Amino acid sequence: MTTFVYGLRKWKKHIPLGIFVWVLSFLAIACDLAIPLLSALMIDGFINYDPQKGVNAGIFSFLCDGRFGELGSWSLFWWIVAAFALLVLLRIGLIYAKNVLMQKNGLEFENELRDMTYKKFMQLDSGTIFSYNTGELVSLLNRDAIFFKELYSRVLTNLFDSVVVLVISFSVLASMNANLLWIPLVIMPPLVVVSIRFRLAARRTFKNLRERQSEMNLEVQENIKAVRIVRSFANEEYEMRKFDACNDNMRNAEIARVDVSAKYNMLFNILKQIAYIATIAICSVLCIRGNILVGTLTAASTYVLKIMNHITQVNNAVFMMQHQLTSGGRIQSFMEQPSAVTDAEADFTLHTMPKPHIRMQDVCLDFGDKQVLKNVSLDIP
């Protein structure tokens with residue numbers, strides 16, 4: 001069973017609320033993507049209205065049929081402002097409801113994962129538990145549960161949002177002017193290449209950072225448990241030097257992560273700005289030739305930027321999924337660990353025996369690959 005399917009089975013009871021969150025997200029995206037079209041109508045139908053050129057109102061053509069005022073009139077202006085306010089308020093309300101429900105759903109799943117792994121920890125035999133160091137167990141019972149729940153509660157929702165935005169934005173650009181599609185299509189290959197390189201670099205830095213965090217957890221846990229022993233042997237200076245080394249390693253790992261993030265964010269921003277400037281340039285030429293209106297220029301530049309942003313977000317979501325599936329894989333592996341010592345059902349009822357008598361004859365016990373008890377006999381009347 002793959003880790004994703006394993007997590008999906010655990011997430012199953014949360015799917016109905018997750019689907020409702022996606023519906024709210026879709027409606028919020030629809031409101032957000034309608035705003036540039038309304039801006040175009042404001043420019044072409046009021047600010048820069050030319051009766052000879054007309055307007056391309058699109059989904060807001062009902063505002064231009066005369067019931068809300070003539071094109072270029074103040075009556076239409078106020079109706080457009082009201083539509084703006086309605087869309088913005090509706091979008092804010094939908095995003096608020098989406099975020100609250102998404103967080104609630106995710107936190108409940110995180111609580112279940114933490115509870116599930118802790119119960120498994122209590123059931124496992126000592127030999128299996130000792131195969132993990134303390135830092136790994138702390139990360140497994142806490143950080144891995146957080147990362148794994150983010151996959152289903154947040155990242156899949158972000159991926160859904162990006163796909164919806166890309167489909168709608170490409171469709172709207174094509175309806176405005178097919179030539180506008182060339183800009184995102186040309187910028188997309190270098191953006192994808194940079195995104196892949198960023199993903200590979202970020203994977204290395206995240207792996208290094210997690211290892212340093214495990215080392216730090218282990219160092220702190222051991223010294224908390226053994227503080228009396230450390231003080232008894234006057235070993236404080238040695239332990240402080242060990243902690244300083246772990247602390248420095250963790251700082252350097254975090255600096256490396258920030259450096260990679262800053263460098264690639266700069267490249268992403270450069271590509272996005274190139275796309276934005278190219279959109280303005282092409283739209284200006286089309287506008288001068290009379291192929292599109294000024295309002296369409298502003299709307300098109302907005303949609304191109306949204307496409308660039310969400311292509312990056314899709315890549316980031318795929319990268320985060322790999323990171324979270326790694327955490328999920330550790331949880332799955334831990335949950336599927338068989339216990340070397342299982343609790344067997346008693347074949348007797350204690351209260352029926354007035355004088356219990358325990359006897360073991362020639363008992364052996366293996367601890368891992370080592371035999372620690374051999375042919376031990378015990379008689380307890």
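1. Lys242 counts as partly exposed, at 28% relative accessibility. The terms work as follows: buried is under 20% relative accessible area, exposed is over 50%, and partly exposed is in between, with a 1.4 Å probe and protein chains only. Glu239, at 14% relative accessibility, counts as buried. The side chains of Glu239 and Lys242 meet in a salt bridge, with 3.7 Å from N to O. A salt bridge here is a side-chain nitrogen of Lys or Arg within 4 Å of a carboxyl oxygen of Asp or Glu. Both residues sit in helix α9 (residues 236–289), 3 residues apart, so about one helical turn separates them.

2. A word on the basis of the values. This is a predicted model, in which local features need pLDDT of at least 70 and side-chain atom pairs count only at pLDDT 80 or more, while totals for chains, interfaces and linings use all residues. Residues are numbered from 1 along each chain as its sequence is written, and side-chain values use heavy atoms, with hydrogens and water left out.

3. The overall layout comes next. The protein chain has 10 helices and 2 strands. Read along the sequence, the order is α-α-α-α-α-α-α-α-α-α-β-β. The radius of gyration is 31 Å, well over the 21 Å that the globule rule gives for 381 residues, so the protein chain is more spread out than a compact globule. That radius is taken over C-alpha atoms, and the globule rule is 2.2 Å times the number of residues to the power 0.38. Helices (H or I, at least four residues) and strands (E, at least two) are DSSP runs, numbered from the N terminus.

4. Some totals for the protein chain follow. The C-alpha trace spans about 110 × 55 × 35 Å along its principal axes. Of the 381 residues, 38% count as buried. The accessible surface comes to about 22,200 Å², and carbon and sulfur atoms hold 62% of this. Accessible areas come from the Shrake-Rupley method with a 1.4 Å probe; for residues, only the protein chains shown count as cover. Among contacts (heavy atoms within 4.5 Å) with a separation of 6 or more, 78% are between residues 24 or more positions apart.

5. How many salt bridges does a search of the whole structure find? The search finds 18. Side chains of opposite charge can pair when their charged atoms come close. One of the pairs is Lys104 with Glu108, at 2.8 Å from N to O. These two are 4 residues apart in helix α3 (residues 74–123), which means that about one helical turn separates them. Lys104 is partly exposed at 44% relative accessibility, and Glu108 is partly exposed at 35%.

6. Helix α9 also holds the pair Glu254 and Arg257, 3 residues apart and thus separated by about one helical turn. The closest N and O atoms of their salt bridge are 2.6 Å apart. Glu254 is partly exposed, with a relative accessible area of 29%, and Arg257 is partly exposed at 24%.

7. Is His14 buried or exposed? His14 counts as buried, at 3% relative accessibility. The residue lies in the loop between α1 (3–11) and α2 (15–47). Leaving out residues up to four places away in sequence, His14 touches Asn105, Glu108, Phe109 and Glu112. With the side chain of Glu112, the side chain of His14 makes a polar contact at 3.1 Å. A polar contact is a pair of N or O atoms within 3.5 Å; within protein, one must be able to donate a hydrogen and the other to accept it, and residues adjacent in sequence count only if both atoms are side-chain atoms.

8. Leu286 lies in helix α9 and is buried, with a relative accessible area of 8%. Apart from neighbours within four places in sequence, Leu286 is in contact with Asn177, Asn179, Leu180, Asn291 and Ile292. Leu180 is 106 residues away along the chain, yet the C-alpha atoms of Leu286 and Leu180 are separated by 9.7 Å.

9. The last point concerns cysteines. A disulfide is a pair of cysteine sulfur atoms within 2.5 Å, and the count by this rule is 0. Cys287 is in no disulfide, and the nearest cysteine sulfur, that of Cys283, is 8.4 Å away. Cys287 is buried, with a relative accessible area of 17%. Cys246 also counts as buried, at 12% relative accessibility.
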